[in-house]
Amino acid sequence: TFIRAAKEVFNLDNRVKYYIVGDGPKMDQYRALAQSLMLNSHVTFLGEINEVENFLKAADISVLTSGSSHGEGIPNVLLESLACGTPVIATDNGGTSEILMNNENGYLIKNGDYKELAKKILFLKNNPDILRSFSKNGVETVRSHFSIEKMISEFKLIIP
């Protein structure tokens with residue numbers, strides 16, 4: 001989904017660069033797809049890295065496209081992205097919607113909808129005021145709902 005969206009964006013604006021962080025059994029397949037779509041100079045595969053927050057802080061947008069068969073619980077990468085002030089576009093499955101509030105701190109899209117993902121990437125790129133608003137709202141989301149203090153106080157409520 002992500003690589004196909006990158007191609008859609010590339011067709012309209014070839015100045016956007018993408019960095020794919022992580023590794024897994026399908027990585028060779030993803031590299032081959034990027035190469036077949038002639039995106040080699042625009043998509044960089046970083047593999048597994050330490051200190052991912054440095055990349056999140058430098059990024060304009062973070063994207064999480066999980067397949068419907070791999071529903072995330074509460075994806076840490078969403079919390080990490082929002083805490084770094086990086087708005088997120090993610091597929092709406094698992095616990096993603098418990099963190100990501102559509103049109104407030106990012107966007108939720110349907111699984112596999114690479115055209116919608118491309119539209120959202122371009123929209124945020126071309127609307128820096130909304131990008132900044134999402135960034136601010138994302139940081140506040142993490143502070144108000146997912147801080148250590150908040151989690152401890154909520155945990156104490158369930159302990160008799």
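Reader: What stands opposite Ile-89 in β5?

Author: In this predicted model, the residue of β5 opposite Ile-89 is Tyr-107.

Reader: How do you know that β4 and β5 pair, and in which sense?

Author: Pairing requires at least two bridges between the strands. β4 and β5 have four bridges and run in the parallel sense, so they meet the requirement.

Reader: What makes β3 and β4 a pair?

Author: Strand β3 (residues 62-64) is joined to β4 by three bridges, and at least two are needed. These two strands run parallel.

Reader: Why are both faces of β4 called covered?

Author: Buried means under 20% relative accessible area. In β4 (residues 88-91), Val-88 and Ala-90 on one side are buried, as are Ile-89 and Thr-91 on the other. In a regular strand the side chains alternate between the two faces of the sheet.

Reader: Why is Met-38 called exposed?

Author: The relative accessible area of Met-38 is 66%, and exposed means over 50%, so the term applies. Met-38 lies in the loop between α2 and β2.

Reader: What is said of the phi of Met-38?

Author: Phi of Met-38 is positive, about 60 degrees, although the residue is not a glycine. Most residues other than glycine have a negative phi. Asn-103, in the loop between α5 and β5, also has a positive phi, near 70 degrees.

Reader: How do you know that the span of α7 is close to the expected one?

Author: Helix α7 (residues 128-145) has 18 residues and reaches 25 Å from its first C-alpha to its last. At 1.5 Å a residue, 26 Å is expected.

Reader: Which residues of α7 are buried, and on what side do they lie?

Author: The buried residues are Leu-131, Phe-134, Gly-138, Val-139, Thr-141 and Val-142. They cover an arc of only 155 degrees around the axis, which puts them on the same side of α7. On the other side, Asp-129, Arg-132, Lys-136 and Arg-143 are exposed.

Reader: What covers the buried residues of α7?

Author: The cover includes α4 (76-83), α5 (96-99), β5 (106-109) and α6 (114-126).

Reader: Which residues touch the most other members of the largest nonpolar core?

Author: They are Ile-3 and Tyr-18, in a core of 24 residues. Among the elements that each supply at least two residues of this core are α1 (2-12), β1 (18-21) and α7. A second, separate core has eleven residues, including Val-88 and Phe-146.

Methods
Residues are numbered from 1 along each chain as its sequence is written. This is a predicted model: local features need pLDDT of at least 70, side-chain atom pairs count only at pLDDT 80 or more; totals for chains, interfaces and linings use all residues. Side-chain values use heavy atoms; hydrogens and water are left out. The expected span of a helix is 1.5 Å times one less than its number of residues. Buried means under 20% relative accessible area, exposed over 50%, partly exposed in between (1.4 Å probe, protein chains only). The arc is that of the directions from the helix axis to the C-beta atoms. Contact means heavy atoms within 4.5 Å. A nonpolar core is a set of buried Ala, Val, Leu, Ile, Met, Phe, Trp, Tyr and Cys residues joined through side-chain atoms within 4.5 Å.
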